[in-house]
Each structure stands twice: as C-alpha cells, then as structure tokens.
Amino acid sequence: MPNGSRIGSKILLLASAVLLSVAPSFARAQATDQRPPNIVFMFADDLGYGDLGCYGHPYARTPVIDQLAKEGTRFTQFYVTGVTCNPSRTGLMTGLFPARFPKYAADFGFGDRVTITELLKKRGYKTGHFGKWHIGPVDSDGTYGIDEVQTIGKSRDRSAGRDDDLYSAAIDFIRDNKDAPFYVNVWGHATHFPVNTAQGLVAEFNDISVDRKDFSSTMQHKFDECLNIGGDLDESIRQYLGDVYQLDLNVGRVVKALDELGLRENTIVVFSSDHGPAPVVTGKKGTRQFSNNMLGYAGEFRGGKHEQYEGGTRVPFIIRWPGKVQAGRVDTTSVCSLIDWLPTLCSLAGVDELPNPIDGEDISDIWFGTDRERLKPLFSKTSSTGSTPAMRDGKWKLHLPRKQRGEPELYNLSIDPSESNNIAAQHLDVVKSLSKKIKTWAASLPIDYAKTKVRSR
C-alpha cells in the first residue's frame, strides 16, 4: 500500500475512535444547549422476554408496542438489575447493583443514595411516578425528588384492564407538564400474579388454541405444570394474553397523547420489563388461585423470575426518539442493562455531576447506533448472605457454584443463549479469569443484609 494511503487509513481510524469517544459528550452538549428531552418510562411487571409480538410470541397481539419498535430501536441483549421487583427497580433508580445495599430498599428506601429522579429534578425536570412503587416505605410527593407520586393498584373499572387508571394518571401528568421537560415512571402491574383478566379482554383471544410446538423447549415445563394443577392450556393462555393486550392498549394511549400534544419529536419513550416471567407453581407458596394462568414466555431462554439464568434477567427493551434513535433497528449485539439507566439519562439530559460510585455506564452512544462492547461486566446477586452470584462478561456467562457446592456453570451465550450446555470443564482458563472478577466484586458487598420481613414480590 502506498505511504499516503496508509496515512489516510490511520487518519480515518483515528477519526472514528474520536467520534466514538465523544458521542456521549456530544449528547450532553446537545441537551445543555437545547431543551432537554422528555422521558416516558413504561415498565411492565414480570413480563417475559418473549411475551410481545415483536419479540417472537406466536399468539400475542401487541400492535402498538410492535409499532413502537418499528419507530425506534429494539434490543435483544438487554438486562435487568435484579430477578425480583424491588432489586430491579433499585438498580435503575440508583445506578448501583442492588446487592450493594445492606438494607432492603423496599423496606428502608435508598438511604443517602441519589436517584435519577433527584438528578433530573435539579436539572429542571418535572418528575412523576404512577402505578407500582415498591422502592421504599414512603411514597408521598417529593420522595426521591418526584414531584407527583400516585401509587395506584388495580383499576376501578376492571373491564378496561388493571393498569388503566395508572396510565390515565400518567397521561394527566404529561398534559399538565407539556411545557416543561418532564420525566415520568409509568410502572404497571401486568403481568404480575395474579393474572385474572376481564372476560372482554380474554375474548380477544377466543380463537387461540395452544400448539405446544409453537413454543421453545424451555416453555414446556410450564405447560406441564399448568396441566398438572388442573388448568386448561387454551383458557390459561387466553387469560395471560388478555393481560398483555390491555398493556398494549394503555401504551397506545400514552403514544397518542404525546402525538396530540406535539411532543413526539422531543420525547424519549422507553418500554421494558422488570425481569422474567413468574413461575406457574412457586416453591414457597405452591399452587394458588390463578396459578394456572401464569404462562409468561421467556422465549428460548432458560429460567424466569427468581432465577439468574437468561430467562430471569434478559428482557424486552424498546426506545423511540424520532430523529435521534434509528427507526426500525434491531440491536442484536450490544450488551446493555438498566444499571446504565441513570448515567445514560444524565448524559442525554445534560446532568454533569453523577453520584460516586456508580456501577452502570453511559450507553447513549449505543442508543444512537454505535456498535461497541460494553466497558463493565454485569453482575447479579440477590441481597442474601451466601447467595450465589453470576456475571455476564462479553459472550460469557458464569454462575458460581450454589452455596459453595457443586460445579461452576459457564455458557457461551453467542452460541448457547438458552444456557443448556455447561462448558466450564472445557474452558478452565475462562472460569478462572471470570471467577477472580466475580469474587472480587462479591467481596466488596455487605456481609449481612437487613430486612423487616422476607418478601418474594
């Protein structure tokens, strides 16, 4: 190659590296110079990775969420920060892995840790929270810098679906604050137990009959459990799909309101779930009324709620921001997490000072389309002394032996996303390297954890 060409190639490579390095800074500068974007965060409860049409469910009817994915970017390797409700919310609100908190945040709150809502409030945002709380003992206005808090349970009109009232309250908040930048949590209850859906919604799926071959092998045990406790697969899945359908209808109401208010272009709309789908039969409580309806689908992934396998930790994540986030894109390579929520939003909103320490990283450049590996591994551990940690680092997923017995589990997720083939014995060097990282992280965690009472939500 001629010398000039070599120099030109080096310049191009250098320019590309510089662009990647300044992408988050550019986002921050843009947010500082202009009105910061509005942020609407719709969070489902126990919704499985495969419970939406755009994520491969064979029967689900989710036209609004599917359209949201077409108008934005859909991620296929997005992770939560906990395998039950409070830990998942703790991580995204604080930017810290929940196992770092010595006191269970559902009962004690976040202590002196600064939250994303407090940071945005200082930036000039109006902040709101509607629906499920489960992030501390106090849920009054002003908590965590949230201007308006409405902890709303089931809707008064059951026929409209259980999340109708909380979505209505969130839409009212958006209308009231349309002239200022706003951030709003819209945290629904679907598809948390119990799934007992109004018949009008269930009737939308009267034409559905379950063909078990339409689902992956990881789903078959849930079908077996449903039948073993006396359930009817067709009726049970119609119940579940009806609950997902009402969620889609409510997302549609939010999207319509944003469009009517002329807020579409400068509003980041995000839809996700707090962790994987709940089991049919729980070990602690066994069979309960409506247990047979808990047919949430994790796609090809193993496990679900309460488990650190992919089915419990990998969730749908869709972001729409017209003109900023590429429409119709499916990101299949980026490993991202809700632990990144706080630093990423701070970058986009022009918040310069972040709390320290912080476990997440700014992935705004990935949201904008940059193809890169994440800088930090993802760690997972329940807030219980002696519980077993797991980690994701690049293509590798490592589970340490449970209660220090048995063997470590190592999976190459690039070829075995269902975690069906433990290859620890074939890659001792990888196990050794990752074990050192995960044990170093675990050693930094509290020795004891305080809870007022044991919870399983």
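Where does threonine 94 sit? Threonine 94 belongs to helix α3, residues 85–94, with helices (H or I, at least four residues) and strands (E, at least two) taken as DSSP runs numbered from the N terminus. Keep in mind that this is a predicted model: local features need pLDDT of at least 70, side-chain atom pairs count only at pLDDT 80 or more, and totals for chains, interfaces and linings use all residues. Residues are numbered from 1 along each chain as its sequence is written, and side-chain values use heavy atoms, with hydrogens and water left out.

**Helix α3 and threonine 94**

- Helix α3 is mostly covered, with 10 of its 10 residues buried; buried means under 20% relative accessible area, exposed over 50%, and partly exposed in between (1.4 Å probe, protein chains only).
- Among those buried residues are Cys85, Asn86, Arg89 and Met93.
- The packing partners of the buried α3 residues are β1, α4, α5 (116–122), β5 (182–187) and α11, where contact means heavy atoms within 4.5 Å.
- Threonine 94 itself comes out at a relative accessible area of 0%, so it is buried.
- Leaving aside residues up to four places away in sequence, threonine 94 touches Phe101, Phe110, Arg113, Val114, Thr115 and Leu342.
- A polar atom of the threonine 94 side chain is 2.8 Å from the backbone oxygen of threonine 90. For reference, a polar contact is a pair of N or O atoms within 3.5 Å; within protein, one must be able to donate a hydrogen and the other to accept it, and residues adjacent in sequence count only if both atoms are side-chain atoms.

- In α2 (residues 63–71), the buried residues are Ile65, Asp66, Leu68 and Ala69.
- Looking down the α2 axis, these buried residues fall within an arc of 155 degrees, so they line one face of the helix; the arc is that of the directions from the helix axis to the C-beta atoms.
- As a reminder, an α-helix has 3.6 residues a turn, so residues three or four places apart point the same way.
- Pro63 and Lys70 are exposed, on the face of α2 turned away from its buried side.
- The cover over the buried α2 residues includes β2 (73–79), α9 (233–260), β6 (267–273) and β7 (314–320).

**Salt bridges**

- The whole structure has 24 salt bridges, each being a side-chain nitrogen of Lys or Arg within 4 Å of a carboxyl oxygen of Asp or Glu.
- One of them pairs aspartate 207 with arginine 61 at 2.7 Å, N to O. Aspartate 207 is in the loop between α7 (199–202) and α8 (220–228) and arginine 61 is in the loop between β1 (38–44) and α2, so the pair ties together parts 146 residues apart in sequence.
- Aspartate 207 is exposed at 55% relative accessibility, while arginine 61 is partly exposed at 30%.
- Another pairs arginine 100 with aspartate 359 at 2.8 Å, N to O. This one links distant parts of the chain, 259 residues apart: arginine 100 is in the loop between α3 and α4 (105–108), and aspartate 359 is in the loop between α11 (341–349) and α12 (364–367).
- Arginine 100 is partly exposed at 26% relative accessibility, and aspartate 359 is buried with a relative accessible area of 9%.
- Aspartate 165 and arginine 156 also form a salt bridge, with their closest N and O atoms 3.0 Å apart. Aspartate 165 is buried at 13% relative accessible area, but arginine 156 is exposed at 79%.
- Salt bridges with shared partners also join Asp340, Glu361, Asp365, Arg372 and Arg374 into one network.

**Histidine 189**

- Histidine 189 is in the loop between β5 and α7, and counts as buried at 18% relative accessibility.
- A polar atom of the histidine 189 side chain lies 2.7 Å from the backbone oxygen of isoleucine 152.
- Beyond residues up to four places away in sequence, the contacts of histidine 189 include Asp45, Lys132, Arg162 and Asp163.
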